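Subject: Structure handover

Hello,

Here is the structure I said I would pass on. My notes on what was found follow below.

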Amino acid sequence: MSWKDILKSKGWYAQGTLSKAQLQNYYSRFRMEFLRRLSGNEEQEALGYLDLLERAIKDFGTDKVSFMTPEYVVGQLNEILEKAGINPEKESLRGKE
């Protein structure tokens, strides 16, 4: 599953669905393409979730457990984009696979 497929999803994935590589790719793409377009509460909320996702990637495969799964965090970030009126399918960088 590509980062674009993950961005298109509504809701969140079941725990353990996304690999560390998929999470890293999603994280970097979100920061590079969408974070700068958010402002106010949506930006602050996204930064908080990105911090949680960064920690989840760092701790991936270890005994450290967060109260939120990385898949849930990805779902929350996708909802922030939706609230901000950003359509990732149409507004992401082209040809940057």
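The expected span of a helix is taken as 1.5 Å times one less than its number of residues. Helix H2, residues 20-34, has 15 residues, so it should span 21 Å, and the distance of 20 Å between its end C-alpha atoms agrees with that. Please keep in mind that this is a predicted model.

Overall fold

The protein chain has five helices and zero strands, so the pattern along the sequence reads α-α-α-α-α. Of its 97 residues, 38% are buried. Among contacts with a separation of 6 or more, 72% are between residues 24 or more positions apart.

Helix H2

The buried residues of H2 are Gln-22, Leu-23, Tyr-26, Tyr-27, Arg-29, Phe-30, Glu-33 and Phe-34. Tyr-27 has a relative accessible area of 15%, and it counts as buried because the cut-off is under 20%. Which residues does Tyr-27 touch, leaving aside those up to four places away in sequence? They are Leu-50, Leu-53, Glu-54 and Ile-57.

Salt bridges

The count of salt bridges comes to two. One joins the side chains of Arg-29 and Glu-33, at 3.5 Å from N to O. Both residues belong to helix H2 and are four residues apart, about one turn of the helix. An α-helix has 3.6 residues a turn, so residues three or four places apart point the same way. Arg-29 and Glu-33 are both buried.

The other salt bridge is between Glu-45 and Lys-83, whose closest N and O atoms are 3.2 Å apart. This pair links distant parts of the chain, since Glu-45 is in helix H3 (residues 40-58) and Lys-83 in helix H4 (residues 70-83), 38 residues apart. Are these two residues buried or exposed? Glu-45 is partly exposed, with a relative accessible area of 29%. Lys-83 counts as exposed, because its relative accessibility is 53% and the cut-off is over 50%.

Helix packing

H2 and H4 pack at an angle of about 20°, and their axes are 12 Å apart. Angles under 35 degrees count as roughly parallel, so that term applies to H2 and H4. H2 passes H4 in a left-handed crossing. On the H2 side the contact is made by Leu-23, Tyr-26, Phe-30 and Phe-34, and on the H4 side by Pro-70, Val-74, Leu-77, Asn-78 and Leu-81.

For H3 and H4 the packing angle is about 160°, with the axes 9 Å apart. The cut-off for roughly antiparallel is over 145 degrees, so H3 is roughly antiparallel to H4. The crossing of H3 and H4 is left-handed. H3 contributes Glu-42, Glu-45, Ala-46, Tyr-49, Leu-50, Leu-52, Leu-53 and Ala-56 to this contact, while H4 contributes Pro-70, Val-73, Val-74, Gln-76, Leu-77, Ile-80 and Lys-83.

Regards

Notes
Residues numbered from 1 in each chain as written. Predicted model: local features only at pLDDT ≥ 70, side-chain atom pairs only at ≥ 80, totals over all residues. Heavy atoms only, no water. Helix = DSSP H or I, 4+ residues; strand = E, 2+ residues; numbered from the N terminus. Buried < 20%, exposed > 50% of the residue type's maximum accessible area, 1.4 Å probe, protein only. Salt bridge = Lys/Arg side-chain N within 4 Å of Asp/Glu carboxyl O. Axes fitted to C-alpha atoms, helices over the stretch in contact; angles between N-to-C directions. Parallel < 35°, antiparallel > 145°, perpendicular 65-115°, else oblique. Left-handed = near helix turned anticlockwise from the far one by under 90°. Contact = heavy atoms within 4.5 Å.
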